[in-house]
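Welcome! Here is a short tour of a protein chain, taken one topic at a time. Keep the structure in view as you read.

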Amino acid sequence: MPSLWFVMPVHGRTELARICLRQLRRTCDQVTIRGVHASAVMVGDDDNLATARELGFAAVRRNNQYLSRKFNDGVQLAMDPRYNPRPADYVVPIGSDDWVDWRLFHNLPNGSTMVGFPQMSFV
């Protein structure tokens with residue numbers, strides 16, 4: 001079964017993040033039911049990490065100084081077998097106020113494809 005991980009930096013807005021994380025839990029469950037293991041990692045240094053753990057997501061403690069570092073730490077946890085016994089085949093960076101519909105992940109691209117948006121860059 002392929003593995004998909006959402007990477008979410010978190011900081012503040014704990015009530016809004018809690019709502020969005022609950023929705024992400026439902027999304028991950030629906031994606032998993034359809035044959036792709038889905039989970040998430042939250043990266044931050046506040047109460048949002050407790051919410052992540054309550055919902056069965058991974059959590060990485062990192063200060064809020066550099067957003068890019070938080071994304072990098074999350075991607076590393078998602079993909080590195082030294083930290084994750086089920087490394088990601090797919091990584092989806094999202095924000096703590098994003099809602100993700102599981103149907104977006106019904107047909108995943110092959111392994112040599114990168115999908116992005118004009119406002120996002122990949123290094």
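Glutamine 23 counts as buried because its relative accessibility is 17%, and the cut-off for buried is under 20%. Please keep in mind that this is a predicted model.

*More on glutamine 23*

- You can find glutamine 23 in helix 1, which covers residues 14-33.
- Its side chain makes a polar contact with the side chain of arginine 26, at 3.1 Å.
- Once residues up to four places away in sequence are set aside, glutamine 23 touches Trp99 and Val100.

*Aromatic rings*

- The structure holds one aromatic pair.
- Its partners are phenylalanine 6 and phenylalanine 105, arranged edge-to-face, with 5.4 Å from centre to centre and 85° between the planes.
- This pair links distant parts of the chain: phenylalanine 6 belongs to strand 1 (residues 3-9), while phenylalanine 105 is in the segment after strand 4 (90-93), and the two are 99 residues apart.
- Both phenylalanine 6 and phenylalanine 105 are buried.
- Another ring to look for is that of tryptophan 102: arginine 34 lies over its face, 3.8 Å from the ring centre.

*Nonpolar cores*

- The largest nonpolar core has 19 residues, and Phe6, Leu24 and Met42 have the most contacts inside it.
- At least two residues of this core come from each of strand 1, helix 1, strand 2 (37-44) and helix 2 (48-54).
- Helix 1 supplies the largest share of this core, with four residues.
- Another core, of nine residues, lies apart from it; among its members are Val7, Val41, Ala58 and Ala78.
- Methionine 42 is in contact with Met8, Val10, Leu21, Leu24, Leu49, Ala52, Phe57, Ala58, Ala59 and Val60, leaving aside neighbours within four places in sequence.

*Leucine 77*

- Leucine 77 sits in helix 3, residues 67-79.
- Is leucine 77 buried or exposed? With a relative accessible area of 16%, leucine 77 is buried, because the cut-off is under 20%.
- Beyond its neighbours within four places in sequence, leucine 77 is in contact with Trp5, Val41, Ala58, Val60, Tyr83 and Asn84.
- Leucine 77 and alanine 88 are 11 residues apart along the chain, and 9.0 Å separates their C-alpha atoms.

How values were computed: Residues are numbered from 1 along each chain as its sequence is written. This is a predicted model: local features need pLDDT of at least 70, side-chain atom pairs count only at pLDDT 80 or more; totals for chains, interfaces and linings use all residues. Side-chain values use heavy atoms; hydrogens and water are left out. Rings of Phe, Tyr and Trp (its six-membered ring) pair if their centres lie within 6.5 Å; planes under 30 degrees apart count as stacked, over 60 as edge-to-face and the rest as tilted. Buried means under 20% relative accessible area, exposed over 50%, partly exposed in between (1.4 Å probe, protein chains only). A charge sits over a ring if NZ of Lys or CZ of Arg is within 6 Å of the ring centre and within 35 degrees of the ring normal. A polar contact is a pair of N or O atoms within 3.5 Å; within protein, one must be able to donate a hydrogen and the other to accept it, and residues adjacent in sequence count only if both atoms are side-chain atoms. Contact means heavy atoms within 4.5 Å. A nonpolar core is a set of buried Ala, Val, Leu, Ile, Met, Phe, Trp, Tyr and Cys residues joined through side-chain atoms within 4.5 Å.
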